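Reader: I am new to this structure and would be grateful for a close look at a single part of it. Please consider the model shown here.

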Amino acid sequence: MFGKLLKYDFRSMLKQFAFIWPAALALALVNHFTINSFVTSSTAVGETTAGIAMIVYVAILIAMFIIALVFACQRFYKGLLGDEGYLMFTLPVKPWQLIGSKLLCAVITTFLSVVVALLSVLVLLPWEKDVIQGIFEGIRYIFTHWNIRATHGVIGLLEFCLMIMMSFAVGYLQIYLSLGIGHLFNKHRAVMTGVAFIGINAVVTTLTGRFLVPAFDMITENINNIVNAAARFHSAMWIAIASELVLCAVYFVGTEFILRKKLNLE
């Protein structure tokens with residue numbers, strides 16, 4: 001059943017982003033040629049065209065991430081706290097599965113949006129031999145300077161991607177928990193959601209500054225004593241992932257408890 005939930009959520013995702021992801025790449029390609037044309041033959045028409053194309057491209061990128069955020073919040077609120085909640089909670093699934101499906105779809109959607117944005121930047125860059133060689137030389141310098149093997153580089157990239165996805169998960173789960181707390185009230189739910197979000201931030205910031213920062217500083221000092229640069233990087237990545245995982249667990253458990261014990265769909 002969890003697989004069917006994921007299929008349902010991802011199908012909704014594709015409906016939302018089937019246009020904007022290709023549009024971002026297409027506009028990057030248009031900008032590649034308009035900028036190149038403006039550089040080779042600077043004219044008033046070329047400058048205007050290049051400027052408009054760049055504005056539209058930047059607007060599409062901004063809209064892409066705004067839509068990703070709104071999509072994630074809307075899918076959770078309407079699907080579990082709104083009218084659809086009556087149907088969703090009659091399904092033979094646990095509340096944690098409902099949350100997990102929404103969360104996984106939101107995180108992957110946002111991550112794919114980041115990937116599309118990075119790919120669009122690569123499309124936008126000049127396709128010249130010197131630029132391409134410069135990129136590869138920069139990558140080669142990093143691997144050579146830090147004595148990193150290709151295997152460590154691939155693993156490190158995967159670890160970095162996992163850390164980014166975990167940070168997205170923390171952000172969305174904090175929003176989910178805030179929405180759940182706000183929904184406990186019969187009136188002014190939007191206001192109470194905002195208050196809950198601010199309150200959660202204040203509590204996490206206070207606890208982090210008091211307990212986690214000293215521990216993190218001690219761990220960082222031990223990591224810096226590691227001679228191998230790749231080992232230092234891997235250790236730092238997994239410490240960051242672990243810290244994000246702790247927050248994810250707290251937010252997830254809190255949200256699941258509200259949906260399981262305190263949910264009010266009236």
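Which residues have the most contacts inside the largest nonpolar core, and how many residues does that core have?

Author: This is a predicted model, in which local features need pLDDT of at least 70 and side-chain atom pairs count only at pLDDT 80 or more, while totals for chains, interfaces and linings use all residues. Residues are numbered from 1 along each chain as its sequence is written, and side-chain values use heavy atoms, with hydrogens and water left out.

The largest nonpolar core has 31 residues, and those with the most contacts inside it are Phe 76, Leu 103, Tyr 172, Leu 173 and Tyr 176. A nonpolar core is a set of buried Ala, Val, Leu, Ile, Met, Phe, Trp, Tyr and Cys residues joined through side-chain atoms within 4.5 Å. Buried means under 20% relative accessible area, exposed over 50%, and partly exposed in between, with a 1.4 Å probe and protein chains only. At least two residues of this core come from each of helix H3 (44-81), H5, helix H7 (150-182) and helix H9 (229-262); helices are DSSP runs (H or I, at least four residues) numbered from the N terminus. H7 gives the most to this core, with ten residues.

Leu 103, leaving aside its neighbours within four places in sequence, is in contact (heavy atoms within 4.5 Å) with Ala 169, Tyr 172, Leu 173 and Tyr 176. Apart from this core lies another, of 19 residues, among them Phe 17, Leu 27, Ala 68 and Cys 105.

The aromatic rings deserve attention next. Rings of Phe, Tyr and Trp (its six-membered ring) pair if their centres lie within 6.5 Å; planes under 30 degrees apart count as stacked, over 60 as edge-to-face and the rest as tilted. By this rule there are three aromatic pairs. One of them is the stacked pair of Phe 17 and Trp 21, at 5.0 Å centre to centre with 25° between the planes. Both Phe 17 and Trp 21 are buried. Another stacked pair joins Phe 76 and Tyr 176, at 4.1 Å centre to centre with 10° between the planes. This pair links distant parts of the chain, as Phe 76 lies in helix H3 and Tyr 176 in helix H7, 100 residues apart. Phe 76 counts as buried because its relative accessibility is 0%, and Tyr 176 is likewise buried, with a relative accessible area of 0%. Phe 17, Trp 21 and Phe 71 form one aromatic cluster.
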